[in-house]
Amino acid sequence: MRAGISDMVAVARILNATLIIPELDKKSFWHDRSNFSDVFDEEHFINSLASDVKIERKLPKELVKAPKSVRYFKSWSGVDYYQDEISPLWDHRQVIRVAKSDSRLANNYLPSDIQKLRCRAFFQALRFAPPIEALGKLLVERMRSFGPYIALHLRYEKDMLAFSGCTYGLSQRESEELAMIRENTTHWKVKDIDPLEQRSHGYCPLTPKEVGMFLSALGYPSSTPVYIAAGEIYGGESHMVDLQSRFPILMNKEKLASAEELRPFSQYAAQMAALDYIVSVESDVFIPSYSGNMARAVAGHRRFLGHRKTISPDRKALVRLFDKVNSGLLKEGKRLSERILDIHRKRQGSPRKRKGPVSGTKGKDRFRSEEAFYENPLPDCLCQPGSPDSDDTLVSI
């Protein structure tokens, strides 16, 4: 949501168009009925961008029946596309409805003022709604009462596993259930998906057990507080036993807040995710088990706020090591720890320029392989040097 909305703010600026407060997707897997103002501070959003883009809450009455064009803007497009192909639509239409907003703007080679506007929208204008901000701040305070903490974005939820086709560590019944969900979700279908191949290439989220091994190998003691930023973990406690045994101070929003405090948000996936977002951004260390949209957004937000420590697991390298442990070829201990520490010494959020496309890729794959703009807005939107603690000491929190 944050990325798509921020991109449309920039597109509105490019087209010199008025932006209507976006409608949030209510047809996704989660069937969340939240409106923009339920998730974000609408007044702050409009006022903070007033000098950049004109924003209206609703389509003016005189334009409700005006000629409209529903368009799917091309992915990863530059200024020329919007000026040459989209701007002429105004000659015959007064309203353009954008059917999809994800990745509609290029990561790189855009004018400096547009890149900076994207940052203002994403990191400053899109503040969460006051009730979410208030409870999020309270959750951070309660988490800090245990000491410096790790926020673990544990993408071991039903939708993630069904989407990725990853079934490692699951029972036959669980694997079949996920396959059925995937088959019944049109835009998730991938022919002949091989779960083991997915995992070996690093395309699967780490399991809770693997995350426990990872944190232990990094040198974090069992007394380290860990906040689980996630929805309901697939399989429940049965898949969390190993992680819980390694790190007993395992918390989440349901443990930190009372049922009464969570009641206004509990039926809305986006609002619950916003609470996790706040606790993750403010954590002493952030570790995502999978590099999805939220993980990238939080990582970028932490960079924007001073390159706060974010450890990005090399899943491809890790599963090879964990498979050796499981087969008895390697034991947990000093040797495993040294190898994992070495692999991740430069994967902890220290300042660096955004990565370009992978060599040899072409077309959409070339754009897809680029590091996302909001994951690392350096050098476009960051002027200050990294924080003093962005060093090679992985276990410092």
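These questions and answers concern a predicted model of one protein chain and how some of its features get their names.

Visitor: What makes α16 and α17 roughly antiparallel?
Guide: The axes of helix α16 (residues 315-327) and helix α17 (residues 334-343) cross at roughly 175°. Angles over 145 degrees count as roughly antiparallel, so α16 is roughly antiparallel to α17. The two axes come within 11 Å.

Visitor: How do you know which residues make that contact?
Guide: Contact means heavy atoms within 4.5 Å. On the α16 side, the contact is made by Ala 317, Leu 318, Leu 321, Phe 322, Lys 324 and Val 325. On the α17 side stand Leu 336, Arg 339, Ile 340 and Ile 343.

Visitor: What classes do the residues of the contact of α16 with α17 fall into?
Guide: They divide into 8 nonpolar, no polar and 2 charged. Lys and Arg count as charged, and the list includes Lys 324 of α16 and Arg 339 of α17.

Visitor: Why is the second largest pocket said to lie between domain 1 and domain 2?
Guide: The domain assignment gives domain 1 (1-124) and domain 2 (130-156 + 205-344). Both domains give residues to the lining of the second largest pocket, so the pocket lies between them.

Visitor: Which elements and residues line the second largest pocket?
Guide: The lining has 17 residues, and those nearest the centre of the pocket are Arg 127, Glu 133, Ile 278, Glu 282 and His 301. Two or more residues come from each of α5 (112-125), α6 (130-144) and α14 (269-281). With 4 residues, α6 gives the most. By class, the lining has 8 nonpolar, 3 polar and 6 charged residues. The space in this pocket is about 310 Å³.

Visitor: How far apart are the centres of domain 1 and domain 2?
Guide: Taken over C-alpha atoms, the centres are separated by 32 Å. The contact takes 12 residues from domain 1 and 11 residues from domain 2.

Visitor: What makes a space a cavity and not a pocket?
Guide: In a cavity a 1.4 Å probe fits but cannot get out, whereas a pocket is open. The structure holds 1 cavity of 30 Å³ or more. The largest cavity has a volume of about 70 Å³.

Visitor: Which residues line the largest cavity?
Guide: Among them are Tyr 156, Leu 161, Cys 166, Thr 167, Arg 199, Thr 207, Glu 210 and Val 319. The lining divides into 8 nonpolar, 2 polar and 2 charged residues. Arg and Glu count as charged, and the lining includes Arg 199 and Glu 210.

Notes: Residues are numbered from 1 along each chain as its sequence is written. This is a predicted model: local features need pLDDT of at least 70, side-chain atom pairs count only at pLDDT 80 or more; totals for chains, interfaces and linings use all residues. Side-chain values use heavy atoms; hydrogens and water are left out. On a 1 Å grid over the protein atoms alone, a cavity is a set of points where a 1.4 Å probe fits but cannot get out, and a pocket is an open set with protein on both sides within 12 Å along at least five of seven lines; lining residues have an atom within 4 Å of a point. Grid points are joined across faces, edges and corners, and a volume is the space filled by probe spheres set on the points. Domain bounds come from an automatic or database domain assignment. Axes are lines fitted to C-alpha atoms, for helices over the stretch in contact, and angles run from 0 to 180 degrees between N-to-C directions. Angles under 35 degrees count as roughly parallel, over 145 as roughly antiparallel, 65 to 115 as roughly perpendicular and the rest as oblique.
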